[in-house]
Amino acid sequence: MKVVILAGGLGTRISEESHLRPKPMIEIGGKPILWHIMKIYSAHGLRDFVICVGYKGYMIKEYFANYYLHMSDVTFDLSNNSMEIHQNTAEPWRVTLLETGEETMTGGRLKRVRPYVQDGDFCFTYGDGVSDVNVGKLIEFHKTQKTLATITAVQPPGRFGALNMNKQKIIDFEEKPAGDGGWINGGFFVLSPKALDYIEDDNTRWEGAPMQALARDENLSAFVHQGFWHSMDTLRDRVHLEELWNSGRPPWKVWP
């Protein structure tokens, strides 16, 4: 099963970093968040990726073009212009990089992958969120629902500490409480290629009319995930994810 990842947006809400590189290339623990997302899927045996690039897409292409060198021990002999690889720790991934334009909306980018996903259902996610979602169980759930699309529903954490007060006295403090109890789109979809028929053109947001129409047609299922999920929308989010990685126990690290 293929995995489609959107990696072409401008990332304007984290412009402190995205003015230099595409948002999926912003690093957590010295590796692009795109790498972390791919490792999540790879841990569940999915290693065939289609990455939709746009804004500064050449940087993503250069990253994978040089991935073998980035991940290996190498000796360069400049006297005879030779290179010797000593240790190769590259991933067993197949990566297709698909140009989808800088201004294309999420639905438009997704629609352009149709030629690459004709052979059956595929996974789909955004290039800025990590989770410990069990992708294998997500896929099995999708198969049992017999709908064209399955979304992973998550409850985001609260962004600020919560005070439990009695008059002027604080009786409890929770540093990172859960959100307001509402479920949101956590990405990590499984889609039938027929779901792409709901997308009109490059100006279509996947999260708008297509998903609403799928829901009306009873073709959108929800896989409830109560574990870890976090998106990297702002610099604050990046710092938080970096802190989790540096703790030595990042909750989305489901690989050895």
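Helices (H or I, at least four residues) and strands (E, at least two) are DSSP runs, numbered from the N terminus. The structure is a predicted model, in which local features need pLDDT of at least 70 and side-chain atom pairs count only at pLDDT 80 or more, while totals for chains, interfaces and linings use all residues. Residues are numbered from 1 along each chain as its sequence is written, and side-chain values use heavy atoms, with hydrogens and water left out.

Neighbours within four places in sequence aside, threonine 96 is in contact with Phe49, Val50, Ile51 and Tyr116, where contact means heavy atoms within 4.5 Å.

Strand E7 (94–99) is also one of the elements against which the buried residues of helix H3 pack. Helix H3 spans residues 57–65, and Gly57, Ile60, Tyr63 and Phe64 are buried in it. These residues lie on the same side of H3 because they cover an arc of only 115° around the axis, the arc being that of the directions from the helix axis to the C-beta atoms. An α-helix has 3.6 residues a turn, so residues three or four places apart point the same way. Besides E7, the packing partners of the buried residues of H3 include strand E1 (2–7), helix H2 (33–42) and strand E4 (48–53). Lysine 56 has a positive phi of about 50° although it is not a glycine. Most residues other than glycine have a negative phi.

The interior may be considered next. A nonpolar core is a set of buried Ala, Val, Leu, Ile, Met, Phe, Trp, Tyr and Cys residues joined through side-chain atoms within 4.5 Å. The largest such core has 41 residues, and Tyr41 and Trp252 have the most contacts inside it. Two or more residues each are given to this core by E1, H2, E4, H3, helix H6 (135–145) and helix H8 (235–246). The largest share, 7 residues, comes from H2. With residues up to four places away in sequence not counted, tryptophan 252 touches a set of residues that includes Ile28, His36, Ile40, Phe228 and Trp245. Another core, of 22 residues, lies apart from the largest one, and Leu6, Val113, Val117 and Ala195 are among its members. In soluble globular proteins, nonpolar side chains tend to be buried together.

Phenylalanine 228, one of the residues touched by tryptophan 252, is placed in the loop between strand E15 (220–224) and strand E16 (229–231). At 16% relative accessibility, phenylalanine 228 counts as buried. Its contacts, neighbours within four places in sequence aside, include Val130, Leu241, Leu244 and Pro251. A further loop phenylalanine, residue 188, lies between strand E13 (184–185) and strand E14 (189–191). Phenylalanine 188 is buried at 1% relative accessibility, and its phi is near 50°, a positive value in a residue other than glycine.

A salt bridge is a side-chain nitrogen of Lys or Arg within 4 Å of a carboxyl oxygen of Asp or Glu, and the whole structure holds 14 of them. In one, lysine 39 pairs with glutamate 91, with the closest N and O atoms 3.0 Å apart. Lysine 39 lies in helix H2 and glutamate 91 in the loop between strand E6 (82–88) and E7, so the pair ties together parts that are 52 residues apart in sequence. Both lysine 39 and glutamate 91 are buried. Glutamate 17 and arginine 21 form another salt bridge, with a closest N to O separation of 2.9 Å. Here glutamate 17 is buried, at a relative accessible area of 13%, whereas arginine 21 is partly exposed at 23%. Arginine 205 and glutamate 207 also meet in a salt bridge (3.8 Å, N to O). Through shared partners, salt bridges join Lys2, Asp48, Arg94 and Asp119 into one network.

Conventions:
Buried < 20%, exposed > 50% of the residue type's maximum accessible area, 1.4 Å probe, protein only.
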